[in-house]
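Let's take a walk through this model together, one neighbourhood at a time. Keep the structure open beside you as you read.

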Amino acid sequence: MRWTEEARIEIQKVPGFVRKMAIKAVEKDVKNRGQEEVNVDDVRRSREKYIKFAEKSSDDKDKTRIAIVRCDTVAEVCPGIACFKAFNKRRQHFKQYGDNVEILGYFTCGGCPGRRVSRLVDTLLKYDLDVVHLSSCMVMEGDYPECPHKEEIIKCIESKGVTVVEGTHH
Ligand code: SF4
């Protein structure tokens, strides 16, 4: 589908992590309207409809944004229910938060020795990440051993100016 130059510039304002999705959404809407070219108004309309909720807003400036990193191996058998229940009820390692908090990301470390933690924290920093929780599966002995790379992972996250909390639901 053809795009006007203005429309191309406008779509670049959409955050990178949802831009591909935004392009598809715009083109689908434009096609449904029987047009053959995307213009800047089409981009603005679809952005408002599908993407705006994911973008930063000035009303959110005091919000605490957290992410949870968990063990890649344990993720094979755990959908993360206990982490989310603890967060939703503000229990255990989430009890210090009030209402003005959101989970910005939930990701696995990428396998030993936590190979994608640095990269994903860098991405989350673009969206004002404040705190990373290490999931309880990383910090306690249970069916799986405590993460042997925990200290390096903590150091890596803290070196980027992000607070680390050890644990989620235990
Ligand atoms: S680095 Fe730690 S958390 Fe990640 S897979 Fe290895 S043991 Fe699990």
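Helices here are DSSP runs of H or I with at least four residues, numbered from the N terminus. This is a predicted model, so please read what follows as a description of that prediction.

## Strand β3 and its partners

Strand β3 runs over residues 64–70 and β4 over 101–108. In which sense do β3 and β4 pair? They pair in the parallel sense, over seven bridges. Thr64 is the residue that stands opposite Val101 in β4.

β3 also pairs with β5, again in the parallel sense, over four bridges. Here the bridge partner of Val69 is Leu134 in β5. Five of the seven residues of β3 are buried, so the strand is largely enclosed by the rest of the structure.

Asp62 sits in the loop between α3 (40–51) and β3. Is Asp62 buried or exposed? Asp62 has 6 other C-beta atoms within 10 Å, so it is exposed, the cut-off for that label being 12 or fewer. Asp62 and Val101 are 39 residues apart in sequence, while their C-alpha atoms are 8.8 Å apart in space.

## Helix α5

Helix α5 takes in residues 117–125, and Val117, Val121 and Leu124 are buried there. The arc they cover around the axis is only 60°, which puts them on the same side of α5. Arg119 and Asp122 are exposed, on the face of α5 turned away from its buried side.

Which elements do the buried residues of α5 pack against? They pack against β3, β4, β5 (131–134) and α7 (150–158). Two of the strands named here, β3 and β5, are also paired with each other.

## Val162, between α7 and β6

Val162 belongs to the loop between α7 and β6 (163–166). With 18 C-beta neighbours inside 10 Å, Val162 counts as partly exposed; a buried residue would need 20 or more.

Setting aside neighbours within four places in sequence, Val162 is in contact with Val121, Leu129, Asp130, Val131, Val132 and Ile157. One of these, Val121, is among the buried residues of α5. Another, Val131, is 31 residues from Val162 in sequence, yet the two are 5.6 Å apart in space, C-alpha to C-alpha.

## Around the ligand

Which residues are around the ligand? They are Cys71, Asp72, Thr73, Cys109, Gly111, Cys112, Pro113, Gly114, Met138, Cys147 and His149.

Definitions and conventions: Residues are numbered from 1 along each chain as its sequence is written. This is a predicted model: local features need pLDDT of at least 70, side-chain atom pairs count only at pLDDT 80 or more; totals for chains, interfaces and linings use all residues. The arc is that of the directions from the helix axis to the C-beta atoms. Two residues are in contact if their C-beta atoms, placed from the backbone, lie within 7 Å. Two strands pair if DSSP finds at least two bridges between them. A residue is near a molecule or strand if its C-beta atom, placed from the backbone, lies within 6 Å of it.
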